[in-house]
Amino acid sequence: MLRFVENLLATLRGLFRRRRGPRRLPAARDFQMPSWAEAGKERRKHVQRVAALLAEWADEMDVGERERDRWLKAACLHDALRDARLAAGVTHGAAAADRAAQDGETDRGVLDAIRYHSVGHAGWDDVGKMLYLADALEPGRKRARKRRARLAEQVPRERDGVLRKVVAHEIRRRLRAGRPVHPQTIEFWNSLLDG
Ligand SMILES: [Fe+2]
């Protein structure tokens, strides 16, 4: 039922978008979290929305099947241990990346995307950048819905520009709240300006 609703929403969103080619709905396997996932119901819905958004972008950006699979794999793994009890100092991203590597995942780009998805990473390839964007812009988050929807729509045409806006927004938000900014987030920001 949930999958049906997700697919329906994705189709409706597609009606309001310009597209270059025929639309391909995400396959059921696109939304599979690993058997070892420790994630509650709401978390799983979030992961489905992240994967659905990445599938849409992959179609609109005409990326190949292999790259699309990398994006969706990262989506399904990134919050797999978000609700698990972890040792002090271990982030849920690092824990999920380590577990995925134990399971045989060898794609460095996918593993780094999962490991650093909460803070950003200067060495990311496309999968890390796309996951970061989808995690921030998926439509289920309550804050600034309209602004985020507008940015999500721009991603296929202006990926790097939207990424700079999203990272800058996150840094500003933390500064205003008097919260620390992770050094890797600063490095990530700087790497986006270098390119
Ligand atoms: Fe997430």
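Helices here are DSSP runs of H or I with at least four residues, numbered from the N terminus, and their axes are lines fitted to C-alpha atoms over the stretch in contact, with angles running from 0 to 180 degrees between N-to-C directions. The model is predicted: local features need pLDDT of at least 70 and side-chain atom pairs count only at pLDDT 80 or more, while totals for chains, interfaces and linings use all residues. Residues are numbered from 1 along each chain as its sequence is written.

Mean pLDDT (the predictor's confidence in each residue, from 0 to 100) is 89 for the chain, with 84% of residues at 70 or more. Residues 15-22 have pLDDT below 50, and this stretch makes five contacts in the model beyond near neighbours in sequence; a contact requires C-beta atoms, placed from the backbone, within 7 Å.

Leu54 and Ala75 touch the most other members among its 42 residues. Elements giving two or more residues include H3 (65-78) and H5 (108-115), and helix H2 (41-60) gives the most, nine. Outside four places in sequence, Leu54 contacts Trp71, Leu72, Ala75, Met130 and Ala134.

The axes of H3 and H5 come within 9 Å and cross at roughly 35°. Arg70, Lys73, Ala74, Leu77 and His78 of H3 meet Gly109, Val110, Ala113 and Ile114 of H5.

Notes:
Contact = placed C-beta atoms within 7 Å. Core = buried A, V, L, I, M, F, W, Y, C linked by C-beta atoms within 7 Å. Buried ≥ 20, exposed ≤ 12 C-beta atoms within 10 Å, placed from the backbone.
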